[in-house]
Amino acid sequence: MTKLLCPECRHENEPERVYCHSCGARLDRSALAKAKSKEEDPKATRKRLKSMLDPRGAKLRMRFFQLSKLVLGALALAVLIQMLLPPDVPPRPKSTMLAAQIGLDLENAAASHSSTPIQYTSDQVNTYLAYTLKSKQAALSNFLQFERALVAFDEGSVRVTTERSLFGYSVYVAASYGVALRDGHLVARNLGGSIGRLPIHPQLMQHGDVFFSGLWAALDRERKSVAKMAGIELHPQVVALTPRA
């Protein structure tokens, strides 16, 4: 029960008093009014307790949470399956003995100052990558076992895919880039990518470059040779490089 404290003698009075029982001073009843306003209405209390104890409402809430867990679990499973499904990639080259010496061709073109463009198909580049990266497996297998890297040229863009294995299962990570040469620098703009068959937004894929850092380091020589070219053009299944005259 709320007591009324006398402002003069500090005596505690019953809530129904107007004047202090001890000294007769007028009591401040505003505190009592505030305390009453904080009390919950009995009807509202009964209604709240009824809703809490209603067995039908409890069952509905339980079914809602069970259904939500089921839906979230199904979504997580679907995402995992999409990440593990292999995308459409070309088969491994049967032999790399006749791989085009792209790195040597680029160096010779830069040294000779020839203006004749040189072209390579996606298959030629992929065979060269298989040949070149074969001796760099250990450096490329920091996180997962590196299997191969391959490219697919399109109009104005190139898609780079890496295949790594985990307990015998292949995991594919791909990224698309818009490539250009500016003032002797090779500039790449991220256009998005995928993990398995799950598409990844370009803004998120920018943070996924860690999957390709080892590959870029292994191909640093080729990157510098391409940067010495005067121009680069990307077309479906073909890349054309123009040396500096």
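What share of the contacts in the protein between residues at least 6 apart in sequence join residues at least 24 apart? With contact taken as heavy atoms within 4.5 Å, the share is 47%. The structure is a predicted model, in which local features need pLDDT of at least 70 and side-chain atom pairs count only at pLDDT 80 or more, while totals for chains, interfaces and linings use all residues. Residues are numbered from 1 along each chain as its sequence is written, and side-chain values use heavy atoms, with hydrogens and water left out.

The secondary structure comprises nine helices and ten strands, assigned as DSSP runs numbered from the N terminus (helices: H or I, at least four residues; strands: E, at least two). Of the 245 residues, 30% count as buried; buried means under 20% relative accessible area, exposed over 50%, and partly exposed in between (1.4 Å probe, protein chains only). The protein exposes about 16600 Å², of which carbon and sulfur atoms supply 59%.

Eight salt bridges were counted, each defined as a side-chain nitrogen of Lys or Arg within 4 Å of a carboxyl oxygen of Asp or Glu. One of them joins the side chains of Arg92 and Glu147 (3.5 Å, N to O). Arg92 lies in the loop between helix 3 and helix 4 (102-112) and Glu147 in strand 4 (residues 145-154), so this pair ties together parts that are 55 residues apart in sequence. Arg92 is partly exposed, at 43% relative accessible area, and Glu147 is also partly exposed, at 27%.

A salt bridge is also formed by Arg148 and Glu163 (2.7 Å, N to O). Because Arg148 lies in strand 4 and Glu163 in strand 5 (residues 157-166), the pair links parts 15 residues apart in sequence. Both Arg148 and Glu163 are buried.

The side chains of Lys224 and Asp220 meet at 3.3 Å, N to O, in a further salt bridge. These two residues are four apart in helix 9 (residues 220-227), so about one helical turn separates them. Lys224 is partly exposed at 46% relative accessibility, as is Asp220 at 24%. Salt bridges that share partners join Arg92, Glu147, Arg148 and Glu163 into one network.

On the surface, Leu67, Leu70, Val71, Leu72 and Leu75 form a nonpolar patch with about 510 Å² of accessible area together. Patches are made of residues with over 30% relative accessible area and no salt bridge, with like charges joined within 9 Å and nonpolar side chains (Val, Leu, Ile, Met, Phe, Trp, Tyr) within 5 Å. Val71 lies in helix 3 (residues 55-84) and is partly exposed at 42% relative accessibility.

Notes
Accessible areas come from the Shrake-Rupley method with a 1.4 Å probe; for residues, only the protein chains shown count as cover.
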